[in-house]
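Trainee: I am new to this structure. Can we go through the ligand and its surroundings step by step?

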Amino acid sequence: MNTLLLSDNEKDIKTAGEILSRGGLVAIPTETVYGLAANALDGNAVKNIFKAKGRPMDNPLIVHIADFDDIKRFSLVSEIPEKAYKLSERFWSGPLTMIMPKGSAIPDEVSAGLDTVAIRFPSHKTAQAVIKAAGCPLAAPSANLSGSPSPTTAAHVMSDLNGRIDAVLDGGECSVGLESTVITLAAEKPRLLRPGGITVEQLESVIGEIEVDDAVLNRLRDDEKAASPGMKYKHYAPKAKVTLVFSSDKAYIDFVNEKNEKDTAALCYNGDAEFIKLRTYTLGDKDDYKSQAHRLFKMLRKIDGNPEIKKVYARCPKPDGVGMAVYNRLIRAAGFEVITLEEL
Ligand code: TXA
Ligand code: MG
């Protein structure tokens with residue numbers, strides 16, 4: 001299959017809409033990461049997303065809308081919980097996904113057989129325009145091969161999916177850089193399933209206390225069932241082996257400077273780089289969690305671009321605020337391998 005490269009002008013957005021409305025796959029920009037979109041109401045189109053990504057069929061997809069009223073108009077959920085109205089007023093459109101009881105229009109391929117569905121209203125204007133042009137809600141996971149870092153540019157998408165999908169629409173670099181915050185409102189108590197750009201503190205300021213699922217910060221035991229199926233898979237990992245180093249600045253610098261310079265890299269903060277002998281890839285300033293979120297996947301992909309690098313020692317922020325999202329992605333990229341020189 002020849003993958004079309006589209007721009008974010010009116011004509012190409014219309015073309016993307018046409019491809020989607022006849023059951024094709026188009027990768028589209030959002031404010032978080034690029035998504036691989038298909039008509040969410042067409043089970044066969046959605047099946048092709050799983051094939052193109054190599055994604056396990058038991059991992060459900062997020063349904064993207066371009067207007068709050070799309071939820072009712074397309075019968076996406078059976079009930080809109082009171083807290084969903086409150087959160088939508090404050091955080092939609094934006095990087096927040098809410099899980100609700102699923103409606104009659106949702107094919108099993110989207111919900112992976114669960115009785116719930118994840119809904120997101122992205123703030124990216126091009127994403128909204130493509131949804132409107134397609135005339136239907138769009139199911140879209142991140143537009144990477146399953147397991148690899150999520151794509152934050154059209155070039156990342158092409159490097160994973162060229163020849164496997166109908167088109168990529170280039171809308172520039174994603175501003176947040178990590179996937180949306182996922183909260184379920186289908187359980188008795190609201191529960192955070194995946195941290196993102198909207199923080200626990202922000203959510204609690206609108207709906208009161210929320211639970212944080214165990215799988216957000218910890219490895220699930222083999223016999224534990226994931227509330228969010230995506231959490232059980234190794235994720236976001238570059239080809240090199242990543243190990244997190246919980247440490248003070250000085251101890252980290254001393255630690256990495258003892259490593260072999262040829263095949264090892266440091267994924268570190270801006271302030272560390274000048275003291276390190278190895279190749280460095282910087283996430284941003286130590287306290288700038290937004291920059292770390294924005295740069296993390298880009299740096300993991302950059303590391304992948306250098307086949308000499310076999311090992312990466314990464315710094316990792318405290319799991320507070322947006323730091324929780326960076327921690328959650330990094331610890332999965334590392335397959336939970338951590339060296340603790342000093343507690344975070
Ligand atoms: O920012 C984002 O959310 C991006 C952009 C493209 O919108 N999308 C994205 O999709 O990250 P994906 O498929 O890579 O991640 C969706 C996560 C997975 O961990 C999945 O298991 C979980 O949401 N999920 C989806 N539907 C669910 C449901 N009904 N119940 C529990 N978890 C669900
Ligand atoms: Mg993903």
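Trainee: Which class of residue leads the shell around ligand 1, and with how many residues?

Mentor: This is a predicted model. The shell around ligand 1 holds four charged and nine polar residues. The nonpolar residues in that shell number 13.

Trainee: Which element gives the most to the shell around ligand 1?

Mentor: Three strands each supply at least two residues of that shell: β4 (62-64), β6 (116-120) and β10 (191-194). With four residues, the one that gives the most is β6.

Trainee: Which side chain has an N or O atom 2.9 Å from an oxygen atom of ligand 1?

Mentor: Take the polar side-chain atoms one by one. R120 has one 3.0 Å from a ligand 1 oxygen. For S142 the distance to a ligand 1 oxygen is 3.1 Å. The 2.9 Å pair belongs to R194.

Trainee: How much of the area of ligand 1 does the protein bury?

Mentor: Start from ligand 1 taken alone, which exposes 680 Å². The share of that buried by the protein is 96%.

Trainee: What is the volume of the pocket in which ligand 1 sits?

Mentor: Ligand 1 sits in the largest pocket. Its lining counts 50 residues, with N59, P60, S228, P229 and G230 nearest the centre. The volume of this largest pocket is about 960 Å³.

Trainee: How many charged residues does the lining of the largest pocket have?

Mentor: Sort the lining by class. It has 21 nonpolar and 17 polar residues. The charged residues number twelve.

How values were computed. Residues are numbered from 1 along each chain as its sequence is written. Chains are lettered from A and ligands numbered from 1 in the order in which they are written. This is a predicted model: local features need pLDDT of at least 70, side-chain atom pairs count only at pLDDT 80 or more; totals for chains, interfaces and linings use all residues. Side-chain values use heavy atoms; hydrogens and water are left out. A polar contact is a pair of N or O atoms within 3.5 Å; within protein, one must be able to donate a hydrogen and the other to accept it, and residues adjacent in sequence count only if both atoms are side-chain atoms. Accessible areas come from the Shrake-Rupley method with a 1.4 Å probe; for residues, only the protein chains shown count as cover. On a 1 Å grid over the protein atoms alone, a cavity is a set of points where a 1.4 Å probe fits but cannot get out, and a pocket is an open set with protein on both sides within 12 Å along at least five of seven lines; lining residues have an atom within 4 Å of a point. A molecule sits in a cavity or pocket if more than half of its atoms lie within 2 Å of its grid points. Ala, Val, Leu, Ile, Met, Phe, Trp, Tyr, Cys and Pro count as nonpolar, Asp, Glu, Lys and Arg as charged, and the others, Gly among them, as polar. Grid points are joined across faces, edges and corners, and a volume is the space filled by probe spheres set on the points.
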